[in-house]
Structures are given as structure tokens and as C-alpha cells.
Amino acid sequence: MSELRKATERSSEQELIWVDEMAEIYNNCSISLPEKLVNPSLFMRRQELSYLLADYEIFKLVQNIKGSVFYFGVYHGAGFMTFANLAAALEPYNHTREIIGFDTFTGYPSITQEDKTHGKQFQTLTEGGFYSDSLELLNNIIYLYDRNRPLNHINKTSLIKGDLCITLPEYLEKNQHTLVSLVVLTVNLYEPTKTALSLLWPRIPKGGVIVIHSLNEEYYPGATKALLEVVGADYSIQTYPFAPNLAYVVK
Ligand SMILES: C[S@@+](CC[C@H](N)C(=O)[O-])C[C@H]1O[C@@H](n2cnc3c(N)ncnc32)[C@H](O)[C@@H]1O
């Protein structure tokens, strides 16, 4: 089973074949690689476009809210770099908002009882699931990202490696000035979701936003449990009909 097949267990066979066929076209067409890179919508699926649009809508919600963006579950780095690029494009002179990404870069560190289901389970729900050793690649990409934005003498992004249940409290201990305008939780698991929400909720000003992926998802019960325990259901839990795996709460 290919890596993509494991990571997209909600996808149909036809959708996966579509990706293989587009990969074939991408590899074999006569357009040069630099031209392909600057024409990404040529090869993009509507699914990826939908989530880019949803991230754009989310970023607009917090543009006037003070605080950094905390992104949990970097994986290859696509979602993390979306927010880094949105910040560079939409508020190039806001030098006080950092985009901070957390990941083990070795996949899921452990799965607890709260993440277990009574029926079918995603194959990714295992120790080491969603493994991506992307830290060095991302540092190279961020080096180029920095060269293409104003105020690039001021750091905009940080990537923090390790289990966030350990690294986030350490980060906050060292950075007591931290305010949080946006939390993006894509780890899908109970313990890291609960740790991040418990530690960051008090640092989110009114109007700040929490984004969580995989809520109300029978194969990943942990994220929903953690949100209900820390934030509760008195807040409106909203979504975009075009990006249904993304939910958000405005504080
Ligand atoms: C579903 S993937 C995230 C997908 C990603 N947001 C994207 O843009 O494609 C889940 C990620 O969460 C990370 N993760 C899970 N538990 C973690 C923990 N306790 N600490 C740090 N990272 C964790 C995994 O290593 C994995 O990269």
C-alpha cells in the first residue's frame, strides 16, 4: 500500500487512481519543473484547493487578533507552510505574529485508550503513523520562504521537534510573553490535543480561533473528547461545507 493510500483512508479507489494518473501527467509532461512549481493549480485537486480556501478564511478571521499561530501536526509541512505563506502575503509587515509548528517528525508517539475505537480503525492510528522526517526539508524551504518576504531580518517561523506534550510546556516556560491568535490542531489524538488546548486556551484572546481536524470522526474519537473536555460544547463548533474535516471555534 502506497504512503498516500495509507494517509487518505477516507478516499475511494477512484480518487486514489486519479492521483496516480495526475502524477503520471506531472512527471511526463513537457513543462519544465520550475514552470510546474509556479503553476500549482494546473495539477491541483479540488480537495486541496478547498482546504487552501478554508485556511484562507480562517486566517482572515484572526488577522486583527493579536498573537501567534500555533500549528500542531506538521507532517510534510503543507498546512504549516500555507499559514506561513498567508501571513507573508496578507500581512507582510506584521512582524509580531510568529507561525510555530510542533511535530515529533517521527509520527505518532503513542496511542492511548481514548483513541481506540470499538470497530474499524484507520491504519494510520498506530505508533509511528503519519511518519514524515521533513524537518531538514522544511528548514531548506523556509530558508527560501524567508528570501521572498519583506522584513526577513525578523524570524517568522519556528519548528519544534518532539512530543508536544513535553515541548509545548517547555516552549511556554521560555516564552512567557506568548499570546495565541490561532491554534491549528491536526494531530487527531486525545493526549496531545488535550495538552495543547489546556495550555493555550488561557492565552487566546476573545476572537481568537481554534481549528481542529477530525472532529465527529468515528475512527479518531480522541480529538472530539479532548475538545469537549477543555472547551465544551457551549461554543459554536463551525465548519465550511467545502472543507468538512476542518472545524473551528471562535473564542
Ligand atoms: C495527520 S498528520 C498532520 C497533517 C498535516 N497537518 C498536513 O498539513 O498534512 C498528524 C501529525 O501529527 C504529529 N503528532 C501526533 N502526535 C504528536 C505529538 N504528541 N507531538 C508532536 N507531534 C505529534 C504526527 O507526527 C503527524 O505528523
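Here are some notes on the structure above, one topic per point.

1. Ground rules. This is a predicted model, so to speak of local features a pLDDT of at least 70 is needed, side-chain atom pairs count only at pLDDT 80 or more, and totals for chains, interfaces and linings use all residues. Residues are numbered from 1 along each chain as its sequence is written, and side-chain values use heavy atoms, with hydrogens and water left out.

2. The ligand. What surrounds it? The ligand has 18 residues around it, and the closest are Y71, G73, D103, L164 and T186 (a residue is near a molecule or strand if one of its heavy atoms lies within 4 Å of it). Sorted by class, this shell has 9 nonpolar, 7 polar and 2 charged residues. Here Ala, Val, Leu, Ile, Met, Phe, Trp, Tyr, Cys and Pro count as nonpolar, Asp, Glu, Lys and Arg as charged, and the others, Gly among them, as polar.

3. Polar atoms at the ligand. T186 has a polar side-chain atom 2.8 Å from a nitrogen atom of the ligand. On its own the ligand has 600 Å² of accessible area, and the protein covers 90% of that (areas come from the Shrake-Rupley method with a 1.4 Å probe; for residues, only the protein chains shown count as cover).

4. R97. Have a look at this one in the loop between helix 5 (78-90) and strand 2 (99-103). Helices (H or I, at least four residues) and strands (E, at least two) are DSSP runs, numbered from the N terminus. Is R97 buried or exposed? R97 has a relative accessible area of 2%, so it counts as buried (buried is under 20% relative accessible area, exposed over 50%, partly exposed in between, with a 1.4 Å probe and protein chains only). Its side chain makes a polar contact with the side chain of S181 at 2.9 Å, and a polar atom of the R97 side chain lies 3.0 Å from the backbone oxygen of I65. A polar contact is a pair of N or O atoms within 3.5 Å; within protein, one must be able to donate a hydrogen and the other to accept it, and residues adjacent in sequence count only if both atoms are side-chain atoms.

5. A243. This residue is in strand 7 (residues 243-250), and its relative accessible area of 0% makes A243 buried. Beyond neighbours within four places in sequence, A243 is in contact with S50, Y51 and A54 (contact means heavy atoms within 4.5 Å). A243 and E48 are 195 residues apart in sequence, yet 9.3 Å apart in space, C-alpha to C-alpha.

6. Helix 8. In this helix (residues 190-200), the buried residues are Y190, P192, T193, T195, A196, L197 and L200. Their cover includes strand 1 (68-72), helix 7 (164-174), strand 4 (180-185), strand 5 (209-213) and helix 9.

7. Loops worth a look. Most residues other than glycine have a negative phi. Y75, in the loop between strand 1 and helix 5, has a positive phi of about 55°. N216 also has a positive phi, near 55°; N216 sits in the loop between strand 5 and helix 9 and is exposed, at 76% relative accessible area.
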